[in-house]
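Dear colleague,

I am handing over the structure we spoke about, and I would be glad if you could read the notes below with the coordinates open beside you.

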Protein chains: 2
Amino acid sequence: MTVHPAHTRIETGDLKVPFTRVALTNGETFDRYCTEGPGSDPEVGLPPLRAAWIDGRADTTVYDGRQVQLLDNGRSALRRGAAQGEWRGERRAPRRAAGDAPVTQMAYARAGIMTEEMRYVAAREQCDVELVRSEVAAGRAIIPANVNHPESEPMIIGRRFLVKINANIGNSAVTSSIAEEVDKLTHAITWGADTVMDLSTGEDIHTTREWIIRNSPVPIGTVPIYQALEKVNGEADKLTWEVFRDTVIEQCEQGVDYMTIHAGVLLRYVPLTANRVTGIVSRGGSIMAGWCLAHHEENFLYTHFDELCAIFRRYDVSFSLGDGLRPGSTADANDEAQLSELRTLAELTTRAWEHDVQVMVEGPGHVPLDLVEENVRLQQEWCHGAPFYTLGPLATDIAPGYDHITSAIGAATIAMHGTAMLCYVTPKEHLGLPNRDDVKTGVITYKLAAHAADVAKGHPGARDWDDALSKARFEFRWRDQFALSLDPVTAEEFHDETLPAENAKTAHFCSMCGPKFCSMRISQDVRDRFGSDLTPEDAALGMKEKSAEFVELGGTVYVEPDAS
Amino acid sequence: MTVHPAHTRIETGDLKVPFTRVALTNGETFDRYCTEGPGSDPEVGLPPLRAAWIDGRADTTVYDGRQVQLLDNGRSALRRGAAQGEWRGERRAPRRAAGDAPVTQMAYARAGIMTEEMRYVAAREQCDVELVRSEVAAGRAIIPANVNHPESEPMIIGRRFLVKINANIGNSAVTSSIAEEVDKLTHAITWGADTVMDLSTGEDIHTTREWIIRNSPVPIGTVPIYQALEKVNGEADKLTWEVFRDTVIEQCEQGVDYMTIHAGVLLRYVPLTANRVTGIVSRGGSIMAGWCLAHHEENFLYTHFDELCAIFRRYDVSFSLGDGLRPGSTADANDEAQLSELRTLAELTTRAWEHDVQVMVEGPGHVPLDLVEENVRLQQEWCHGAPFYTLGPLATDIAPGYDHITSAIGAATIAMHGTAMLCYVTPKEHLGLPNRDDVKTGVITYKLAAHAADVAKGHPGARDWDDALSKARFEFRWRDQFALSLDPVTAEEFHDETLPAENAKTAHFCSMCGPKFCSMRISQDVRDRFGSDLTPEDAALGMKEKSAEFVELGGTVYVEPDAS
């Protein structure tokens, strides 16, 4: 799907790295980072771009894998005695590390190996591949790339790179179908999602995920405790390490690239939430808190963390260390519960790194603007620079229905201070499940927040996009202004609501001032008269004589539309 | 118009100061600042709330006033030989200072007088009236209150008070009618606009403004150069001080409360814009730049500034010193043109204060997030704390169609650092003219940005609103969550899209997790078990014994909806 006629996906270099190329009316082109993938027939899936690279490293083997069970698709599949909507595309046998050595990008990076994934990432980010390798080696960036998700186009998450955004999709016990979820995936990446999390908790969890991964050019994340909970009839106290471990392996074999693991919700932290305005709002956090309380035992994700690492390193699954005790209201921000958990996540980061497993750390949530910077500062300090991945945060609680905006304010701010990836929030947050339009609104909103942060950070080349669009605006290249927009369709629609005529798209004025007087025109006249390469001092000196000329030519400042 | 059944306007105290009272289902009420006014029949207008106060000061006189001319309603009225849509409500003769003494709130404040306007403001802001008086006296806050706009409910703009927002309305040469503009006014204040600017540049400018002012409980601002330009057939070089002065008096007599005056666009600054990416984007700025260039003379607004002050002090019109050279792209932010003009605005601030005229200073525009704080810091320093009033700023240029959001990010940030009022930006910015829905979206977006700043500043009581809403959310008081929202209608609609049934509004779960498992429920169980007034230490100690109890009662954690 091409979002606008002036956009094409192009592939450059020996690795065929994708860019979105915008063809401008002045003959120039503008290339930007592309997430939409090469496009797929949902029933067939994507070609395995990375298969040859993975093969070439000769450190993985194909094996039989775990038998898929009816319960993997939930209790209703069990009731029916059959799965539904089975994946009909190619089925590859699962693959994992052949021996004891990890097959993670971090292990390669630490060994000084430049993988194709790293080269691909460097080409996308237009940076040196050594920067990619050294940041991954140091744990300051991750390349989520499960060996069982060869369809993915490698991307990197780290503060030295473009700020990334994640879109959550997934069905719930209440509503939605497999086809809808695949459609949301495609919609999310078309508009710019860098990763997608499948948070399904409803029917056909296993099969929905299979369809999503096989069609996804972006890394897929999950929260495996959601599926594990379904396997124990939704009763958190019935959860066991064995059920969880089995679920993780099921998902590793399908190709999930990163998994949220709420291993920082320790038994002793749970009472710290008792006096909060909104207690525990993370679903995973409350599941683990419920388990800890029911058993009065330490969180099994914490006690079995090294075993998890041993699994993840065989597939190159990355940790997304979940912040189960994140604040759910501005009142609860940066409190003892939240910061205690963060200290534990820091400890777990170091432990995962000992296994060469890639890690990012999740963050809030709801945080007043004055406390936002502290969140990323503490996380970066305590977690030794591991990438921070935050949900917003919302800067105020008072605007349900507009929480994509309340959170974009916090998100741009936290990303400016060093957060590497932002999890989007849609207008439906707190109220209902996002539909297709909400997914788009969430993605575009977070794209602009992430880009605002890139510009504020002075990320190399980031402002070029702003400049290209602003130049098009200044020169009344309306079509280019639309094409360069994050959302060309909406920009053009809004313009046409006031000035629908076709020639208004080439007119040297807009509906704000109308044809008779236009501030953009007068500025262009200033430039024409003073030249665009004069210093301000030269310009001031030359002004007197230019003035006479300006009066003579004055008529051109207030041209009628047909005269321009 | 009441936005939600659970909302009422109430009036308290001897001055009958309005609040929006939200009736909660738990019997409590929550009062918040109210902008919507008592409501009016557009053809009749509002009662003159302040008339007795103004009269009581006995320092103004009624006079004949300037004769309204056909040209006041634009060239088409002139062509037609008649005005149209004439104001049919009460007409009051204009009023101005009786003698030489100024009748401004600043003059009263400096003289130690507590006016009814100050007491009204203090009651609205729930602060001490002395704070109001001293801030106005020092020039750090303004109460825009033209003696010819007695319908207005006094409000204050200053960094020590709630952050305010302005909504722009007004027709253009291209489109729209008087009734539409009055409807936009009502819509804007219903959703929370603190002031409204009428930026009409099309037909019936004078009459449209009359209808707006007579129906407005909030201060009305204008940019008189727009109307003056219409009077000289849209040709900037034909503008004269005399035409401008006449227009200003026309508007003073109608009751405009503050006027944007682009007196800082000095001749020598114009060439500084020649090398910009987007030149001069302010309409007023480019009009004055065009005039300066055409005549090679200093800006007549600057050379006649003291005469303007002498007019404003007779009506208590406040200056909004326009930033005609504000950046129109992130590339041009904080450049020499912008900062040169700001230095001149600082000089003009001091001059206006010598006349006891109230002043606020306008600011950008388009500014990358890392440069936002510098804008407000320099303005506050150079302009001796005069209130700052910014347009956004937009944190990136790449998202036309979403510029309410790109600018809300900058707006929340700049307000957190001390900006007193935010001019909204609608989704149509850069593309077309806002319709009714765009006005609402712009207002709500800016309300949430302003409130996020109030919370970040630790403004007394600001977070109470967040806490009230979050508590309602945590306790599954859905109706209260809607009623406490900035936009109850949208919040309820979004909820109902996923769970339309009436009983879902009292259900103790939501569509995110479904009835079987709910994270909010488990938190409430944590609280029930550990008590809400325990210290974390106490709670940790008491945990072991509570745990056994928790397992026994475990069933209640995972209640079915009908059981709760």
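What share of the 564 residues in chain A is buried? Buried residues make up 68% of them; please keep in mind throughout that this is a predicted model. Chain A exposes about 17800 Å², of which carbon and sulfur atoms supply 50%. Its secondary structure comprises 22 helices and 15 strands, and among the contacts in chain A between residues at least 6 apart in sequence, 74% join residues at least 24 apart.

The barrel

In chain A, eight strands close into a barrel with parallel pairing, in the order E8-E9-E10-E11-E12-E13-E14-E15. From one strand to the next, the twist averages 25°. Helix H6 of chain A (residues 178-191) packs on the sheet, where it touches E8, E9 and E10 of chain A, and its direction makes about 165° with that of E8(A). One residue of helix H6 of chain A is A:Ala179, which counts as exposed because its relative accessibility is 56%, above the 50% cut-off. Between A:Ala179 and A:Ile212 the C-alpha to C-alpha distance is 9.4 Å, although the two are 33 residues apart in sequence.

Strand E9 of chain A (residues 195-198) is covered on both faces, with A:Thr195 and A:Met197 buried on one side and A:Val196 and A:Asp198 buried on the other. On one hand, E9(A) pairs in the parallel sense with strand E8 of chain A (residues 164-169) over four bridges, and A:Ile169 stands opposite A:Asp198 there. On the other hand, E9(A) pairs in the parallel sense with strand E10 of chain A (residues 220-222) over two bridges, with A:Val196 standing opposite A:Ile220. Together with helix H7 of chain A (residues 205-214), E9(A) and E10(A) make a right-handed β-α-β unit.

Helix H13 of chain A (residues 336-354) lies across E12 and E13 of chain A and runs at about 170° to E13(A).

Salt bridges

Over all chains, the count of salt bridges comes to 92. In one of them, A:Arg110 is paired with A:Asp356, and the closest N and O atoms are 2.6 Å apart. This pair links distant parts of the chain, since A:Arg110 belongs to helix H3 of chain A (residues 105-110) and A:Asp356 to the loop between H13 and E13 of chain A, 246 residues apart. A:Arg110 is partly exposed, at a relative accessible area of 39%, whereas A:Asp356 counts as buried at 17% relative accessibility.

In chain B, B:Asp14 forms a salt bridge with B:Arg119, for which the closest N and O atoms are 2.7 Å apart. Because B:Asp14 lies in the loop between strands E1 and E2 of chain B and B:Arg119 in helix H4 of chain B, the pair ties together parts that are 105 residues apart in sequence. B:Asp14 is exposed, with a relative accessible area of 63%, while B:Arg119 is partly exposed at 33%.

A further salt bridge joins the side chains of B:Arg351 and B:Glu347 (3.1 Å, N to O). These two residues are separated by about one helical turn, because they are four residues apart in helix H13 of chain B.

Methods:
Residues numbered from 1 in each chain as written. Chains lettered and ligands numbered in written order. Predicted model: local features only at pLDDT ≥ 70, side-chain atom pairs only at ≥ 80, totals over all residues. Heavy atoms only, no water. Buried < 20%, exposed > 50% of the residue type's maximum accessible area, 1.4 Å probe, protein only. Pairing = 2+ DSSP bridges. Right-handed = clockwise from strand over helix to strand, strands pointing away. Contact = heavy atoms within 4.5 Å. Areas by Shrake-Rupley, 256 points an atom, 1.4 Å probe, with all protein chains shown as cover. Axes fitted to C-alpha atoms, helices over the stretch in contact; angles between N-to-C directions. Salt bridge = Lys/Arg side-chain N within 4 Å of Asp/Glu carboxyl O.
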